[in-house]
Amino acid sequence: MCIALSHEMKAWSNYLYMLDIDNRFEIHSLENPGWFLFADLHGTDFENTRFTPIISNINANGSESDEYNWLSIYVDEDHVFNGCGSLNKLDVILSIFFSWLKDNGFDPKKYESIQYREPAKCIGGFNIWNYCNEQGYTPIVDKY
């Protein structure tokens, strides 16, 4: 994934944090194989923004006509951005999502850094330091 997309994902996460909403932004691998991007737009400035669906190599019955090169992107009636595509389409899906946001007023530079209200927590309260101590691991710290 290119660095620009990484920065845009961070900016989107910071934007959601600033709005104080707990919207999901998820990337999943699919078994067919492929990728799925789920981005909840509730409570954002983009919740009611029109998005023209994008379809590439998808038959009328919803199946892929080319299993190695397909794409389906839309915003559903629940205001969720859904992007699905073959293995080679993750960057395309993310680029389309962030281009659409920027075309409609999202400025990633505005959300590059923010002041957090509380320390970041891992999902489910998992503490990596406790895990390392319990398992006897010496973690690689501050290398990346």
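Modeller: The count comes to two salt bridges, taking a salt bridge as a side-chain nitrogen of Lys or Arg within 4 Å of a carboxyl oxygen of Asp or Glu. Before the details, a word on the ground rules: this is a predicted model, where local features need pLDDT of at least 70 and side-chain atom pairs count only at pLDDT 80 or more, while totals for chains, interfaces and linings use all residues. Residues are numbered from 1 along each chain as its sequence is written, and side-chain values use heavy atoms, with hydrogens and water left out.

Start with Glu8 and Lys102, whose side chains meet at 2.4 Å, N to O. Glu8 sits in helix 1 (residues 3-19) and Lys102 in helix 2 (residues 90-103), so this pair ties together parts that are 94 residues apart in sequence. Helices here are DSSP runs of H or I with at least four residues, strands are E runs of at least two, and both are numbered from the N terminus. As for cover, Glu8 counts as buried at 10% relative accessibility, whereas Lys102, at 36%, counts as partly exposed. The cut-offs are under 20% relative accessible area for buried, over 50% for exposed and partly exposed in between, with a 1.4 Å probe and protein chains only.

The other bridge joins the side chains of Arg24 and Glu26, at 2.6 Å from N to O. Arg24 is partly exposed at 44% relative accessibility, and Glu26 is partly exposed too, at 22%.

Five strands make an open sheet in the order 1-2-5-4-3, with antiparallel pairing; two strands pair if DSSP finds at least two bridges between them. Strand 1 (25-30) and strand 3 (54-56) are the edges, each pairing on one side only. From one strand to the next the twist averages 10°, where axes are lines fitted to C-alpha atoms (for helices, over the stretch in contact) and angles run from 0 to 180 degrees between N-to-C directions.

Ile54 has Ile73 of strand 4 as its bridge partner. Strand 4 also pairs with strand 5 (residues 80-85), again in the antiparallel sense, over five bridges; there, Leu71 has Gly85 of strand 5 as its bridge partner. The hairpin of strand 4 and strand 5 has four residues between the strands, and in it His79 takes a positive phi near 65°.

Stepping back, the chain has three helices and five strands, running α-β-β-β-β-β-α-α from the N terminus on. Buried residues make up 31% of the 144 residues. Of the contacts (heavy atoms within 4.5 Å) with a separation of 6 or more, 54% are between residues 24 or more positions apart.

Ile128 lies in helix 3 (residues 128-135) and is partly exposed, at 42%. The chain exposes about 9800 Å² in total, with carbon and sulfur atoms supplying 50% of it; areas come from the Shrake-Rupley method with a 1.4 Å probe, and for residues only the protein chains shown count as cover.
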